[in-house]
Amino acid sequence: MVESALEVRGLRKVFTRPAVDNLDLTVRAGELYALLGPNGAGKTTTLRMVAGLTQPGAGSIRIFGVDALADPVAAKRMVAWLPDEPMLYDKLTPMEYLEFVAGLWGVDAKSARAKAQELLEWLALWEHRAERCEGFSRGMKQKAALAGALIHDPKLLMLDEPLTGLDAAMARQVKDLLQARVEAGATVILTTHILDVAERMSDRIGIIQSGRLLAEGTLDELRTRSGREGRTLEDVFLDLVGTDAP
Ligand SMILES: Nc1ncnc2c1ncn2[C@@H]1O[C@H](COP(=O)(O)OP(=O)(O)OP(=O)(O)O)[C@@H](O)[C@H]1O
């Protein structure tokens, strides 16, 4: 049986209204899972609960079998979370930033430097390794933050809108890196409003609306479910959620 990277059951979070409402999700180990939904559907809130950044009102979260609510420290060691507007220590160079983050995770200095070099090369930041991040473009900062999220080799990587605001070349670098992580055995969950990206990159897709799961499966399974064989993910998505833009 394939081990689940993530099992969310009956997850609930209420602010003034329910943002996540009795949500079930299953993400298999080693897949790239796209979590889609209209604005305000509850995607970020869900992933923030999985990352241990906000407490659910009800429900359970298991990460590689570990109960994330009962044992948050063990769960967090396996997880990386990249928000849509990540925070960077601007006064540091990317190399210093990565060494700093690696230190927080207890990665030894030699492995940290090797890993940092590998990530910065992947993301075309190696030639900027000695420059302070404060002079970086938004896309370069986003890539440096992604490298920081990967420095401890998380088994489960969750990214909120990782490609938004990136030009074509930078988006390609990030997509290639994520795909390489999946090929190396990691599990990736990303949210995106760019449905072409979800269509091309993901193994499976979950669509949520008003905090509830509308559908989950491969693109073909979603097509069959919505009676839209041969159609694009955009057609299927709009059918399932109604006319809301993604
Ligand atoms: N800290 C908060 N306080 C109050 N309401 C919140 C808070 N965070 C999120 N919400 C509300 O919860 C709902 C779900 O928001 P969330 O950010 O999870 O949606 P999303 O699917 O990620 O949306 P988007 O695609 O626009 O980023 C929204 O109605 C939002 O206004």
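**Reading the strands, sheets and core of this model**

Analyst: Let's begin with a strand: β7 is largely enclosed by the rest of the structure, because five of its five residues are buried. Bear in mind that this is a predicted model.

User: Which residues point which way from β7?

Analyst: Leu156, Met158 and Asp160 point one way and Leu157 and Leu159 the other, and all of them are buried.

User: What does Leu157 touch, leaving aside residues up to four places away in sequence?

Analyst: Leu157 touches Ala80, Ala149, Leu150, Arg181, Ala186 and Val188. Ala80 also has Leu157 as its bridge partner in β7.

User: Now the strand partners. In what sense do β6 and β7 pair, parallel or antiparallel?

Analyst: They pair in the parallel sense, over four bridges. With β8 (residues 187-191), β7 (residues 156-160) also runs parallel, and five bridges join the two.

User: How do I read the whole sheet around β7?

Analyst: Follow the strand order: six strands form an open sheet, β6-β7-β8-β3-β9-β10, with mixed pairing. At the edges stand β6 (79-82) and β10 (212-217), each with a single partner strand, so one side of each is left without a neighbour in the sheet. From one strand to the next, the twist averages 15°.

User: Which helices lie across strands of this sheet?

Analyst: Helix α6 (residues 168-183) lies across β3 (32-36), β7 and β8, and runs at about 145° to β8. Helix α8 (residues 219-226) lies across β9 (204-209) and β10, at about 115° to β10.

User: Coming back to β7 and its pairing with β6 in the parallel sense, where does the chain go from β7?

Analyst: β6 and β7 pair over four bridges. From β7 the chain crosses through α6 to β8, and this β-α-β crossover is right-handed.

User: What is the order of the strands in the four-stranded sheet?

Analyst: The order is β2-β1-β4-β5, in an open sheet with antiparallel pairing. Here β2 (18-28) and β5 (66-67) are the edge strands, each with a single partner strand, so one side of each is left without a neighbour in the sheet. Strands β1 (residues 4-14) and β4 (residues 58-63) run antiparallel and are joined by five bridges. Val8, for example, has Ile61 as its bridge partner in β4. Helix α1 (residues 43-50) lies across β1, β2 and β4, running at about 115° to β1.

User: How should I think about a nonpolar core?

Analyst: In soluble globular proteins, nonpolar side chains tend to be buried together. In this model, the largest nonpolar core has 68 residues, and those with the most contacts inside it are Val50, Leu98, Ala147, Ile151, Leu157 and Met158. Helix α5 (residues 138-150) supplies the largest share of this core, seven residues.

User: Why does this core lie between domain 1 and domain 2?

Analyst: Both domain 1 (1-78 + 154-165 + 182-246) and domain 2 (86-153) give residues to this core, so it lies between them.

User: How far apart do the C-alpha centres of domain 1 and domain 2 lie, and how many residues does the contact take from each?

Analyst: The C-alpha centres of domain 1 and domain 2 lie 27 Å apart. The contact takes four residues from domain 1 and seven residues from domain 2.

Terms used: Residues are numbered from 1 along each chain as its sequence is written. This is a predicted model: local features need pLDDT of at least 70, side-chain atom pairs count only at pLDDT 80 or more; totals for chains, interfaces and linings use all residues. A nonpolar core is a set of buried Ala, Val, Leu, Ile, Met, Phe, Trp, Tyr and Cys residues joined through C-beta atoms within 7 Å. A residue is buried if 20 or more other C-beta atoms lie within 10 Å of its own, exposed if 12 or fewer, and partly exposed in between; C-beta atoms are placed from the backbone. Domain bounds come from an automatic or database domain assignment. Two residues are in contact if their C-beta atoms, placed from the backbone, lie within 7 Å. Two strands pair if DSSP finds at least two bridges between them. Axes are lines fitted to C-alpha atoms, for helices over the stretch in contact, and angles run from 0 to 180 degrees between N-to-C directions. A crossover is right-handed if, with the strands pointing away from the viewer, the path from the first strand over the helix to the second runs clockwise.
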